[in-house]
Amino acid sequence: MKGTHPRSLLRRLGISDGPAAAAIIISVCLQYLFLAKLWEGYPIRYMGDVIHQNVVLSMIGLTVLGAIVIAAASLYRWRNGTNAASKLERLAVNPSFDPIRSTLEQIAARSTLRSQPRLLYTPKNGDALEARERVTPSGDAVVVGLNQRARQRDQPRAFEAMIGHEVSHLELGETWLEIWARRGILLHFRTLGWAVAIFCLVLGFIDRRGIGSHPPFGGFIPVFDGAIFAGLSSQFAVLILSSAIVFVYSYFFVVRREHIHDFRGSQLAGTDALADVFAAQQPPAFRPFDAFKDFFNLHPDPAARTRVIRNRDLILISVILYPLVMSGLQPLTLLLTAGWRDFFGVAREAWNFGLTVASGLFLYAVLRADLARLGLGLLLDPRRYALFVPIYALVAGLATQIPRIVLEVLYGWRHEFSLDQIADRIWSGTLIGGARIALMTAAILGLLAFLNGVRIAATGETRPGKWSAIGDAVAAILVVGAFTIASLSSLQFAIGVLAFCAPLIFAYAILFALVCRCLDCGRRRTSALRLSTRCSCGRDHLSLPKLWTRHPFEVQLSVPNQVDIKGREKPA
């Protein structure tokens, strides 16, 4: 069973979290810059007039000090918790742990680990089952609770898959990344929430009549003028929408990895018995609170884990929630940078062009992995993903208009417009440019999903990273070109951009079809243009993912989970 980890192969096929993570980190930085601009535009600019200078300076100091305290306290608590847990862990040398140790040795022998992980136990949590990466110089370890002995005795097949889940963590060696992703998002929202709370507090000290209107303590008595908060409702909405994007990406980043580890654990154990364990954890009736709890804890719910294992879902695409939320990053990039053009003294034309390029690149970055997922899905399950691709593209295109609709509603509420007037403004904006952006986004995403299918079919599983940099560059140019066309009011310039981008579409597909060759007969991979992974000689260039998704885990256990670099499967 030694060979390729599913996560490693998906990463080489282009399903990587790197570009999206970089875009999200930049968005987090833009949130703090946006908040700093709000400070500069309101309390700092008008201090000494409608708000006392000492109040502003004190609140700035309180914001910085509070952020430092929150970060220090969080890091200290996490570190102490990790150290305290590690001090309780001991080597499982008691004979009662021998069945668990035997299971661990058997599963580890099928994995890509170079050495056997140690078996530790902890008396603190009887249901503990965790992976410890490089806890000692001798190697990795798996920690079990005392109750796991009974679980191994009662459900031996399911327990093998549970051990396989932890071995999968050790195979990738990225448990620290998953842990710190959870911690990082928690720390970010704690800090951002504190900063926003202090900003709202300092707004309460703004007195539009002047700080001398309430002597003898003028400027030091909060008035909490509702008109000021209502005037900043759009800015608060931008922060809320951008925070939703950051959180939803973090959720899918962590949850998809957990699903992959479930898949790999079942693969190493050669059984889908783990699905029965998760099915037993589901409540008899639907409980919305439990679903919300799992969502905000960044943890997959049992129903989803059961579905992934039984369907052997390796692609893990979300055709509604992920594009519905993440596509809003394109307009929010423009909104988060509002006000900085004058601060830096950049010309309007250069600033608008830079924002068009940046927003297009941000959207491509957060959707790049999903475009590769859709392309892979067209090769593994054409009928299903032929429906998923247009749904995903349409949802993503419509989602680019959600921030504009929210801001229009808030604008109408502040100016006491009727519902008909607000609806008319939304519809007018849609006719002017919103519809073009939505349709162009949907069209380019659908096209890129097809082109990713061509790329994966041409390169195959043995060399999926070949020419990937060129493919990413062309795809990024196409996305930026699509937004440029949708943003231009001049038909002549739009036709010029279209004339530049159209040949790149054919060049992208033809490049992979002609450059890549079959590893058995040497023919060019022209069949990839029709999304075929099979060469005319009979060689299937995507045999491993097809084996994983179309055959039971018992079959995968008996078939070598590795493809030779020369193209033929290694013998058992």
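The lining of the largest pocket draws at least two residues from each of helix 3 (53–88), strand 3 (129–136), helix 5 (148–154), helix 6 (156–172), helix 7 (175–203), helix 9, helix 10 (273–281) and helix 12 (302–311). Helices (H or I, at least four residues) and strands (E, at least two) are DSSP runs, numbered from the N terminus. The model is predicted: local features need pLDDT of at least 70, side-chain atom pairs count only at pLDDT 80 or more, and totals for chains, interfaces and linings use all residues. Residues are numbered from 1 along each chain as its sequence is written, and side-chain values use heavy atoms, with hydrogens and water left out.

**Pockets**

- A pocket is an open set of points on a 1 Å grid over the protein atoms alone, with protein on both sides within 12 Å along at least five of seven lines; lining residues have an atom within 4 Å of a point.
- The largest pocket has a volume of about 1700 Å³, where volume is the space filled by probe spheres set on the points, and grid points are joined across faces, edges and corners.
- Its lining counts 46 residues, with Leu129, Glu130, Ala131, Arg132 and Ile179 nearest the centre.
- That lining holds 16 nonpolar, eleven polar and 19 charged residues. Ala, Val, Leu, Ile, Met, Phe, Trp, Tyr, Cys and Pro count as nonpolar, Asp, Glu, Lys and Arg as charged, and the others, Gly among them, as polar.
- The second largest pocket holds about 790 Å³ of space. Of its 32 lining residues, Tyr251, Asp301, Ala303, Ala304 and Arg307 are closest to the centre.
- Helix 9, helix 11 (288–296), helix 12 and helix 17 (382–399) each give at least two residues to the lining of the second largest pocket. Helix 12 gives the most, six residues.
- By class, the lining of the second largest pocket has 17 nonpolar, six polar and nine charged residues.

**Cavities**

- The whole structure has four cavities of 30 Å³ or more. In a cavity, a 1.4 Å probe fits but cannot get out.
- The largest cavity holds about 70 Å³ of space.
- Its lining includes Arg7, Asp17, Phe252, Arg256, Leu314 and Arg373.
- Helix 9 (233–269) and helix 1 (6–12) each supply at least two residues of this lining. The largest share, five residues, comes from helix 9.
- The lining of the largest cavity has seven nonpolar, no polar and five charged residues.

**Helix packing**

- Helix 18 (residues 402–414) packs on helix 19 (residues 419–459) at an angle of about 145°, with axes 9 Å apart. Axes are lines fitted to C-alpha atoms over the stretch in contact, and angles run from 0 to 180 degrees between N-to-C directions.
- Contact (heavy atoms within 4.5 Å) involves residues including Arg404, Tyr411 and Trp413 of helix 18 and Ile422, Arg425 and Thr430 of helix 19.
- The contact residues divide into six nonpolar, three polar and three charged.

**Salt bridges**

- A salt bridge puts a side-chain nitrogen of Lys or Arg within 4 Å of a carboxyl oxygen of Asp or Glu. The count is 24 salt bridges.
- Glutamate 171 pairs with arginine 264 in a salt bridge, with the closest N and O atoms 2.9 Å apart.
- Glutamate 171 is in helix 6 and arginine 264 in helix 9, so the pair ties together parts 93 residues apart in sequence.
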